[in-house]
Amino acid sequence: MAKEKVVRIGCYSGFWGDSTHAARQLVDKEKSNLDYLVADYLAEVTMGLLARRSRGSKEPSKARPGYIEEIIPLVLEDLLPKLVQYNIKLICNAGALDPAGLKLAIEKLAEKQGSSDKVVVAAIFGDDIHPVIDTVRDAYGAISPFSPFGDTGGSRVEESGSEGSKSFLSVNAYVGAQGIAQALDGGATIVVTGRCVDSALTLGPCLHEYKWNILSDFNLLAAGSLAGHIIECGAQATGGNFTDWREAAFSKNGGWANMGYGIVEMSSDGTFVVTKPPNTGGVVSVNSVGEQMLYEVLDPAHYLLPDVILDLTQVTLTQLAPERVLVRGARGLPPTEWLKCTAIGIEGFSILGQLGIVGVDAREKALVLGQALLDRVGQVLKERKLPPFSETRVEAIGSEHMFGKHAASSKSREVILRVQAAHSSPLPLRLLAMEFAYSGTSTSPAITGGGTGRPNPSPRFSTTSFLLHKSQLPLQIVIGDTEPVSFYHPLKHCRAFVAPKPTSTRTSLLGVQLPSVSSVFPSTSPRSLSTTLPAPASTRRVPLIEIAVGRSGDKGDTANIAFIARQPKHYNIIKEQVTEDVVRDTLEHLLTDKSIIQRYDVDGVRAVNFVVSNCLGGGGLKSIRFDKQAKSYAQICLSAIEVDIPVEIPSSKL
């Protein structure tokens, strides 16, 4: 009997700016054992920055390319010969706003290196709808608002952002894996895309290798998408951003100094193993993989993707051996008729100034000084008949600012004062910048750490998300020197929107009960019923981190915060005690009166996932907060929330 084909896919980049050494690590250590090298470069922030540099210049001659230029000198100049030697195919979304331009740049490099006959580059484009946004918007039924809870009617929870396409720098649809599979079917050895969903970079090779049917093999499509989701953030599945950080930091083979990047070994039945290259640092464990599986997920029963709706709730993780975790149980539903689109706009300007303050009462001195600077410049603006700042924020970092009323201590003797402000014009912000130097001799004692120079205003980006009907997005693919071929996401197998059904109660910041709407589909397990625990003879109170690990992330102005029970016996304790109200109380200082919190239970990995809307000051591009992407929210909760556990149940950390 022939041995089953296992496809090995490694990811070297989780964002634009990830390690420049990761691609070489995967190629040099895996060699011909690696079938595909994939890379995710794009985030909302990335699209805004690329759009600004390629479209925002008033002088076209100074405009930069709309693709990730660094992939040529930092990755391909050295590794292209090895990709050819080891027969490793490369798939990445570094094409960004100009996949065709990156395709041409790679072909020029291959010609220069004498490998043109062995390198076939494909480009997939059409996701960029910025040039035709008004036409698309005018098409009847083409656009629908987007909500982090997937609501289709009634009470809406929409993301804030730019109004009017004239202010948009970029507008891109998140496309699926179909084009990647077609490119590979057509003989491509390198595939560059624009704004595809992260998981499509891994699903595409699976479609090509196993000939899964995109119209019917929904469980397999779900498995391939889950594999892509787990490895698309670089080392985050292999010990990066991990609650039990010491396991990775002090792991053998160099720990954090030599972090291994994720590899999935996919089988035709949809099961796969997560691992990393040999002789690298980090850790691949049930908890490290589990944390990443739930990262930036909203409703885990309905993770909406262009090719499939992924249900994570019954996924199981099994430690097969050190650094090898088996993943199985992903389930899929037919996709919707819609694609998520994100528009990036400019909404004025913002500025950030920082000063170090040392000594007794450091926190109080910092907060008083920050407000004094704003008041001082505010008076100048009034005298000059200029509008006031549209938004300001003063933070004393180092005094447990992020913990609000749950701060263990505010008596730190050294803090960093952060003063941020926003305005429609850069002039008032420049006036504020000039006052930072004034503070060194005119205000608090022991001001230091301002050696980075006077801060400068920068454009303040914002995002707007909406849904676009698949029929309105023609895509194109060019393979090598062939003519472009048009295609659409298939529609005949898609599910239409249905009215959401009530599931559980959502609460706002003020504790008001809101209409319950969990997703665009009646959820199979939007929230499991908590099992009431029998009253133990005696209990002890411990921080949540003693019985759980966790991770949090962002989707625009919405955060997800996931907690995974360390042991099966801890799961019901978490479900019973870690409620929406508890999370709301813990994060109250970071929420607004529009914030809504919904919990989803993920029984397969014994986890709970909280979705919190309107909690990031407008999201990563727009926010002037210290944590604008919810990276700290899970760790805040793990240390600030306390749970009662029976005395007979020892915590794993004590």
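Start by selecting helix α7, residues 200–210. This helix is mostly covered, with 10 of its 11 residues buried (buried means under 20% relative accessible area, exposed over 50% and partly exposed in between, using a 1.4 Å probe and protein chains only). Helices here are DSSP runs of H or I with at least four residues, strands are E runs of at least two, and both are numbered from the N terminus.

Before you go on, know that this is a predicted model: local features need pLDDT of at least 70, side-chain atom pairs count only at pLDDT 80 or more, and totals for chains, interfaces and linings use all residues. Residues are numbered from 1 along each chain as its sequence is written, and side-chain values use heavy atoms, with hydrogens and water left out.

Back to α7. Color its buried residues: A200, L201, T202, L203, G204, P205, C206, L207, H208 and Y210. What do they pack against? Show β1 (7–11), β2 (36–39), β3 (89–92), α6, α8 and β8 (263–266), and you have the partners.

On the α6 side, pick I180, A181, L184 and D185; on the α7 side, pick A200, L201, G204, P205, L207 and H208. These residues make the contact, meaning heavy atoms within 4.5 Å. They divide into seven nonpolar, two polar and one charged (Ala, Val, Leu, Ile, Met, Phe, Trp, Tyr, Cys and Pro count as nonpolar, Asp, Glu, Lys and Arg as charged, and the others, Gly among them, as polar).

Now select V191, L226, I230, F272, L294 and V327. In the largest nonpolar core, which has 77 residues, these touch the most other members. Such a core is a set of buried Ala, Val, Leu, Ile, Met, Phe, Trp, Tyr and Cys residues joined through side-chain atoms within 4.5 Å. Which helix gives the most to this core? Helix α8 (residues 218–231) does, with nine residues. Zoom in on V191: leaving aside neighbors within four places in sequence, its contacts are L90, I91, C92, A122, I124, I180, A183 and L184. There is also a second, separate core of 50 residues, including L50, L80, A94 and L97.

Stay with α8 and bring up helix α10, residues 286–293. They pack at an angle of about 105 degrees, their axes 8 Å apart, so α8 is roughly perpendicular to α10. Look for L226, H229 and I230 of α8 meeting V289, Q292 and M293 of α10. This contact has four nonpolar residues, two polar and no charged.

Two loop stops remain. N241, in the loop between α8 and α9 (245–249), has a positive phi near 55 degrees. A630, in the loop between β28 (607–612) and α15 (633–640), has a positive phi near 65 degrees. Buried or partly exposed? N241 is partly exposed, at 38% relative accessible area, while A630 counts as buried at 0%.

Finally, zoom out: the protein chain has 15 helices and 29 strands, and 57% of its 654 residues count as buried.

Key
Axes are lines fitted to C-alpha atoms, for helices over the stretch in contact, and angles run from 0 to 180 degrees between N-to-C directions. Angles under 35 degrees count as roughly parallel, over 145 as roughly antiparallel, 65 to 115 as roughly perpendicular and the rest as oblique.
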